Amino acid sequence: AQPEVKSLGPLDIRADVKAAGLNFRDVLNTLGMVYMPCIGLEFAGVITEVGAEVSHLAVGDRIFGLGESTFGSSTVVDGRVVTKIPENLNFEQAATIPLTFLTAWYALYDLGDLKANETILIHAAAGGVGMAAVQIAKRIGAEILGTASAPKWDTLRGMGLTDDAIASSRSLDFAEQYRERREGRGVDVVLNALARDFIDVSLTLVHEGGRFLEMGKTDIREPEWVAEHFPHVAYQNFDLMDAGHDRIRAMLESLAELFGSGELEPLPLLT
């Protein structure tokens, strides 16, 4: 029997998948640690059909963005969460961008309101969202601190982080090391993907009026608990889809322009 062909809603598009990104959420889903209804959440491809109310895209357009079950040959998705691929990128490069850069953009601009000369601590900075966040924080003009496991420190150095800005994501010593290196100064923003004691220790680094942005899914703290123990910190756990389809489209279009101009670069990839 032939598989059922999903019909299009008025805002949907159908696309042939040319490349799909393997996201950490897919790994957590496979391990049963975080539930997602499908495997494969981001892709690049070519539009084969558009819904009646889709006006910014057309059949034949090369596109990238968010998807569902993108490890298959075709996907149907809301046209507001995809946009055209810049001409200077291939499908594989484009597939590294959607979840990583959208998450970092939403966190640093919309939620964290990161400003030039503020300091941000990016945990797991050698991961997908981490590497995207480093590029975006540089664009903003922030001072960047980044943790990673020791074998990945050269990756952070390659992105321009100095040894004073680098610490281990496998040891709780990072907080004291940053205090010593920075003469006791805290940080304005933490972008977090770690769990358990790493969260508690990271919260101690945030100074008055700082923001703690939790993108992890395995150790989300209650806002009331944070307010009681760290009243000086604005804590927010978030999911990219909280931004809504229209905001995601606007962010994707901004990203496409910056990748097209070369101001941002795709992530390293294996095919």
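The model is predicted: local features need pLDDT of at least 70, side-chain atom pairs count only at pLDDT 80 or more, and totals for chains, interfaces and linings use all residues. Residues are numbered from 1 along each chain as its sequence is written, and side-chain values use heavy atoms, with hydrogens and water left out.

**Exercise 1.** Determine the strand order of the six-stranded open sheet and identify its edge strands.

*Solution.* 
Step 1. Strands are DSSP runs of E with at least two residues, helices are runs of H or I with at least four residues, and both are numbered from the N terminus. Two strands pair if DSSP finds at least two bridges between them.
Step 2. The order of the open sheet is β8-β7-β6-β9-β10-β11, with parallel pairing.
Step 3. β8 (166-168) and β11 (234-237) are the edge strands, since each pairs on one side only.
Step 4. Inside the sheet, β6 (residues 119-122) and β9 (residues 187-192) are joined by three bridges, and Ile122 stands opposite Leu191 in β9.

**Exercise 2.** Describe how helix α4 is placed and which of its residues are buried.

*Solution.* 
Step 1. Helix α4 (residues 128-140) lies across β6, β7 (143-148) and β9, at about 170° to β6. Such angles run from 0 to 180 degrees between N-to-C directions, with axes fitted as lines to C-alpha atoms, for helices over the stretch in contact.
Step 2. The 13 residues of α4 reach 19 Å from first C-alpha to last, close to the 18 Å expected at 1.5 Å a residue; the expected span is 1.5 Å times one less than the number of residues.
Step 3. Buried means under 20% relative accessible area, exposed means over 50%, and partly exposed lies in between (1.4 Å probe, protein chains only). The buried residues of α4 include Val129, Met131, Val134, Ile136 and Ile140.
Step 4. These buried residues pack against α3 (98-111), β6, β7, α5 (153-158) and β9, where contact means heavy atoms within 4.5 Å.
Step 5. After α4 comes Gly141, with a positive phi near 95°.

**Exercise 3.** Is Ser149 buried or exposed, and which residues does it contact beyond its neighbours within four places in sequence?

*Solution.* 
Step 1. Ser149 is found in the loop between β7 and α5.
Step 2. Because its relative accessible area is 10%, Ser149 is classed as buried.
Step 3. With neighbours within four places in sequence left aside, Ser149 contacts Ser169 and Arg170.

**Exercise 4.** Explain why strand β3 is described as largely enclosed, and find its partners.

*Solution.* 
Step 1. Four of the five residues of β3 (residues 62-66) are buried, so the rest of the structure largely encloses this strand.
Step 2. β3 pairs antiparallel with β2 (residues 42-50) over five bridges; Gly65 in β3 is the bridge partner of Phe43.
Step 3. β3 also pairs antiparallel with β5 (residues 82-84) over three bridges, and Val82 in β5 is the bridge partner of Gly65.
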